[in-house]
Amino acid sequence: MKISGRKGRYGIDAPYVPGGMMVGVIASIMLAVFAHPRAGWVAWAVILLITAALYLHTTLRGKFSVWRDRLDGMRLRGDERLLDLGCGRGAVLLMAAERLPKGRAVGVDIWSRKDQSGNAIEITRANAMAEGVADRVELHTADMRKLPFDDASFDAIVSNVAIHNIPARSGRDQAIDEAWRVLRHGGRLFIADISKSSQYRRRLAALGATAIRHNLGWRMWWGGPWMPTMLIEARKPDG
Ligand SMILES: C[S@@+](CC[C@H](N)C(=O)[O-])C[C@H]1O[C@@H](n2cnc3c(N)ncnc32)[C@H](O)[C@@H]1O
């Protein structure tokens, strides 16, 4: 499905989530056929169906539209080195690369197929070719808790719904510390996530950043208004 308006193929984030919702819809409809009263099960089926539709909208279209706006708002010069933590099939990474004709868009990932359908370095490479930006894209198989880059080697860092996948709080702190380490002084960091954003903000504050947090709105509702995506934005003070 390519309703993102992009040339590449970007899969579905955490595909078991909408899959589970659709199983719930079918189960609720079956229960509504046999159970009395029916109204409760019909209501459940409708709620789950709307939630699944919102989820699919976010993963197939909404996140592209939100990040297109965010990347435009960053007003990149075009020669920066940008890092995407947990780039997956390249949804954000490759839109950033389009804005970096003389720069470099670097993606790191462990390519988990539980977190994104069809996730693989070869797919991201093929998407970079399809979008016409392969010449400025670099992909690394690496864990964001231990980045294979020098200190202060990036002008900007982005990450979309990736860091929450690290199960332990200490691991997520490690990922934030690593991002801060490889960001140059004066560089900017943008982390969008469905949970743990307060933790990221606190950790960044402990590292000396002034981080602000905002809600990215309905285009990034993964499970309705009660599961919004928050954006953490920080700038590393000049050294
Ligand atoms: C929901 S997907 C989002 C991918 C991409 N940012 C996007 O918006 O399309 C989360 C990504 O985080 C990656 N990931 C999870 N844990 C990671 C880790 N410890 N280090 C690097 N990547 C990780 C997964 O492999 C997956 O590609």
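Colleague: Which residue is the bridge partner of Asp 84 in β2?

Modeller: Gly 107 is the partner of Asp 84. Keep in mind that this is a predicted model.

Colleague: How many bridges join β1 to β2?

Modeller: There are 5. Strand β1 covers residues 81–85, and the two strands run parallel.

Colleague: And is β2 mostly covered or mostly open?

Modeller: Mostly covered. Of the 6 residues in β2, 5 are buried.

Colleague: Switching to the ligand. How many residues surround it?

Modeller: The shell has 25 residues. Gly 86, Gly 88, Ala 91, Ser 112 and Ala 162 are the closest.

Colleague: Which elements each supply at least two residues of that shell?

Modeller: Helix α3, residues 91–98, does.

Colleague: How does the shell divide into nonpolar, polar and charged?

Modeller: 11 residues are nonpolar, 7 are polar and 7 are charged.

Colleague: New topic: α1. What span should its 19 residues have?

Modeller: At 1.5 Å a residue, helix α1 (16–34) should span 27 Å. The C-alpha atoms at its ends are 27 Å apart, so the two values agree.

Colleague: Which residues of α1 are buried?

Modeller: Pro 18, Met 21 and Ser 28. Looking down the axis of α1, the buried residues fall within an arc of 75°, so they line one face of the helix.

Colleague: What covers them?

Modeller: The cover includes α2, residues 39–73.

Colleague: Which residues are exposed on the other side of α1?

Modeller: Tyr 16, Val 23, Ile 26, Met 30, Val 33 and Phe 34.

Colleague: Now backbone angles. What is phi of Ala 152?

Modeller: Near 50°, a positive value in a residue that isn't glycine. Most residues other than glycine have a negative phi.

Colleague: Where is Ala 152 found?

Modeller: In the loop between β3 (137–141) and β4 (154–160).

Colleague: Why does Val 161 count as buried?

Modeller: Val 161 has 25 other C-beta atoms within 10 Å, and 20 or more makes a residue buried.

Terms used:
Residues are numbered from 1 along each chain as its sequence is written. This is a predicted model: local features need pLDDT of at least 70, side-chain atom pairs count only at pLDDT 80 or more; totals for chains, interfaces and linings use all residues. A residue is near a molecule or strand if its C-beta atom, placed from the backbone, lies within 6 Å of it. Helices (H or I, at least four residues) and strands (E, at least two) are DSSP runs, numbered from the N terminus. Ala, Val, Leu, Ile, Met, Phe, Trp, Tyr, Cys and Pro count as nonpolar, Asp, Glu, Lys and Arg as charged, and the others, Gly among them, as polar. The expected span of a helix is 1.5 Å times one less than its number of residues. A residue is buried if 20 or more other C-beta atoms lie within 10 Å of its own, exposed if 12 or fewer, and partly exposed in between; C-beta atoms are placed from the backbone. The arc is that of the directions from the helix axis to the C-beta atoms. Two residues are in contact if their C-beta atoms, placed from the backbone, lie within 7 Å. Two strands pair if DSSP finds at least two bridges between them.
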